[in-house]
Amino acid sequence: MADTTIDFEAVYRALPGMVALLTPDLVFADVNDAYVRGTGRSRASLLGRHVFDVFPESLNSPASSHSHHLRASLLRVLATGERDAMPLQRYDVESPENSGNWHEHYWSPVNSPVLGPDGRVRLIVHRVEEVTEFVRARGLDGDTAGRVLEAELYTRARELQELNNRLREAHAREREVALVLQKAMLPAHRQVGHRRAAVRYRPAVGALNVCGDWYDLVDLVGGHRVGVSVGDVVGHGLEAAGVMGQLRSALSAASRVADGPAQALNVLGRYANVVDGAESATVVTTFIDFDRHVITYSSAGHPPPVLVHGDGRVEFLDRATDPPLDARPEPQPRPQASTAFEPGATLALYTDGLIERRWEDIDVGLRRLAESLRHHRALDPEPLADTVLRELLPPGGATDDTALVVVRL
């Protein structure tokens, strides 16, 4: 049988297009042969050096000062973990033989992430198409049509980039309004009864709109009891933030008069039927009885809360899970379950932005969360919440909103 092993390093070296591998610090880790030929630099002069040290801006050519666009593209890849294609760029390159002698170049770059097992960006594939000759095409008779084409291409590329910048600014303003609205509708950081708690909300990085994640902490009537809930509305922007506010307020009110979390979700489900945009929203709510040392919970399609006992045993509260809100044509009673705890245990509720990654099974994220909570369970809720976010979220932030509530029982 023939050997089918593929030498991917040889394939990489032989790629016809210019390709460089950059570290998250934007340092050259490797380049293929086409990149060496296209840039006129040796591999030795590139490897281990920062990309903008090798290719600085031309101070004598204001029209070519576009390294900030390339830098912004690379940082977007690091923040989002997603591919970023750039419009046509003029980026003059200094001659390696004659310092101060700059050559006009036009590039069409595409930057793509290489993700590690933990979902973090390990490398950036920086692919460049050299289009200088195409832009400069004039014809052998010296016809000026080539110059017109050059100007037209460059002008259109710049117009497209300026339009994209204006769109980003407009969406950023909308996102800021949505964040302010969302912050106003979410409860402030505070103690849960007489117990210590920490809440964290991290909006998605790289997204142009805020999503609909939310949390709530309420004092319940009848003994020393509190209700802790976390939910997620499908969608983005001001509309999702508005739906989130309606559902949070409705559940907060229902929890104060309900016999248990299932009844509270029953009421919320009926309310969600008449709220546009509440379709497929998920929520989990827990009633914590500190006198009886019992947690009663119910979930409408939401990831399970995590209970970490004092001895390090991890328990997922997943025995009362039902479909998301408004998922059934006719509302049906929700299930609920209970579990006991000893003082000093830790309860964590969260949204899927903390555990879900497109490239891995959700169980991997759940195990990662459980291990982080177990390993750092001795920390107080505030530093514990910060530590969990630091260990689970990608370095530049997640591509989905993340809410986290940590309660010391």
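Trainee: How accessible is R43, buried or exposed or in between?

Mentor: R43 counts as partly exposed, at 27% relative accessibility. Keep in mind that this is a predicted model.

Trainee: Which side chain does R43 meet in a salt bridge?

Mentor: D30. Their side chains meet with 2.5 Å from N to O. D30 sits in strand β2 and R43 in helix α3 (residues 43-46), so the pair links distant parts of the chain, 13 residues apart.

Trainee: And D30 itself, buried or exposed?

Mentor: D30 is buried, with a relative accessible area of 13%. The cut-off for buried is under 20%.

Trainee: Why would two such side chains pair at all?

Mentor: Side chains of opposite charge can pair when their charged atoms come close.

Trainee: How many salt bridges does the count come to?

Mentor: The count comes to 10 salt bridges. One of them joins D386 and R200, with the closest N and O atoms 2.8 Å apart. D386 lies in helix α11 and R200 in strand β9, so this pair ties together parts that are 186 residues apart in sequence.

Trainee: Which residues are linked in a network of salt bridges?

Mentor: R200, E382 and D386.

Trainee: Which side chain does D380 meet in a salt bridge?

Mentor: R196, at 2.7 Å from N to O. D380 is in the loop between α10 and α11 (381-392), and R196 is in the loop between α7 (145-185) and β9 (197-202). The two are 184 residues apart. D380 is partly exposed, with 39% relative accessible area. R196 is partly exposed too, with 40%.

Trainee: Back to β2. Which way does it run against β1?

Mentor: Antiparallel. Three bridges join β1 (residues 18-22) to β2 (residues 28-31). L22 has F28 as its bridge partner in β2. For A20, the partner in β2 is V31.

Trainee: How many residues of β1 are buried?

Mentor: Five of the five, so β1 is largely enclosed by the rest of the structure. Both faces are covered. M18, A20 and L22 are buried on one side, V19 and L21 on the other.

Trainee: Why the split into two sets?

Mentor: In a regular strand the side chains alternate between the two faces of the sheet.

Trainee: What sits between the two strands of that hairpin?

Mentor: Five residues. In that hairpin, L26 takes a positive phi near 65°. L26 is not a glycine. L26 is also buried, with a relative accessible area of 5%.

Trainee: What is the phi of H293?

Mentor: Positive, about 60°, although H293 is not a glycine. H293 is in the loop between β12 (282-289) and β13 (294-300). At 27% relative accessibility, H293 counts as partly exposed.

Trainee: Which residues of α9 are buried?

Mentor: P261, A262, A264, L265, L268, G269 and A272. Seen down the axis of α9, they fall within an arc of 155°, so they line one face of the helix.

Trainee: Where is A240, and is it buried or exposed?

Mentor: A240 is in helix α8 (residues 237-257). It counts as buried, at 3% relative accessibility. The C-alpha atoms of A240 and A278 are separated by 8.5 Å, and these residues are 38 apart along the chain.

Trainee: Last one. Which residues form the nonpolar patch on the surface?

Mentor: I6, F8, V11 and L15, with about 380 Å² of accessible area together. I6 is in the segment before α1 (8-14). At 49% relative accessibility, I6 counts as partly exposed.

Notes
Residues numbered from 1 in each chain as written. Predicted model: local features only at pLDDT ≥ 70, side-chain atom pairs only at ≥ 80, totals over all residues. Heavy atoms only, no water. Pairing = 2+ DSSP bridges. Helix = DSSP H or I, 4+ residues; strand = E, 2+ residues; numbered from the N terminus. Buried < 20%, exposed > 50% of the residue type's maximum accessible area, 1.4 Å probe, protein only. Arc of directions from axis to C-beta. Patch = residues over 30% accessible without salt bridge, like charges linked within 9 Å, V, L, I, M, F, W, Y side chains within 5 Å. Areas by Shrake-Rupley, 256 points an atom, 1.4 Å probe, with all protein chains shown as cover. Salt bridge = Lys/Arg side-chain N within 4 Å of Asp/Glu carboxyl O.
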